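Have a look at the fold before reading on.

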Amino acid sequence: HIRRALRAYNRVDPQRLTAVLPSSAGEREYSLAGLAGLMEVTDLWYPWDEDNPTCPPPRPRWSLIGDGLLYLEVEEAPKGDGTDDLRLFYTAPHTIQGLDGASATTLDAQGEQLILLGASAYAAMQFAQSLMGTVTVSGWTPRQFQDWAMARAKAFEVSLEQVRRRAIMAQESRTQWKDEG
């Protein structure tokens, strides 16, 4: 149930990470296989010199060809001298320490609470289904457990939508306005 809730959360608000890929002289194709959990490439700055960054950062055309292969669509191929590396921005799934071999939890406190809410909703749904057609010693009927589970699931979905909206609002706008005056 925790895995299911984590997958739902990752679809809405994955980790946002960066990596610097060293350029290779004459190469326009770069493997992204070394980026653990890569879900989506969101931006690329090239040429990137960490010691002398430019502002605004140059954003060349690029495309993903094949599985995990980035093609740099530039006229002049990289020199590979360290002054024209690639700074890549990407998303990856969050992890929870001890779950599926993860060594760290990457969620913030709000994310952890949402995962618990979602997992409890999924567990309650499974429990309610397992009670169908049985006699229980508690005062709760399977229908009451089902209603409680559905209320938690609805709260989880509403919370995920709020997280999604905040993530959208936090993204940088690509529109640039010029003063014509």
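Here is a short tour of a sheet and a pair of helices.

This is a predicted model, where local features need pLDDT of at least 70, side-chain atom pairs count only at pLDDT 80 or more, and totals for chains, interfaces and linings use all residues. Residues are numbered from 1 along each chain as its sequence is written, and side-chain values use heavy atoms, leaving out hydrogens and water.

Start with the open sheet: three strands in the order β2-β5-β4, paired antiparallel. (Strands are DSSP runs of E, at least two residues, and helices are runs of H or I, at least four, numbered from the N terminus; two strands pair if DSSP finds at least two bridges between them.) β2 (29–31) and β4 (61–65) sit at the edges with a single partner strand each, so one side of each has no neighbour in the sheet. Between β4 and β5 (residues 69–73) there are five bridges, and R61 stands opposite E73 in β5.

Now for the helices. α1 (residues 2–12) packs against α2 (residues 109–131) at about 130°, their axes 8 Å apart. (Axes are lines fitted to C-alpha atoms, for helices over the stretch in contact, and angles run from 0 to 180 degrees between N-to-C directions.) That makes α1 oblique to α2, since angles under 35 degrees count as roughly parallel, over 145 as roughly antiparallel, 65 to 115 as roughly perpendicular and the rest as oblique. Where they touch (heavy atoms within 4.5 Å), I2, R4, A5, L6, A8 and Y9 in α1 meet G111, L114, I115, G118, A119 and Y122 in α2.
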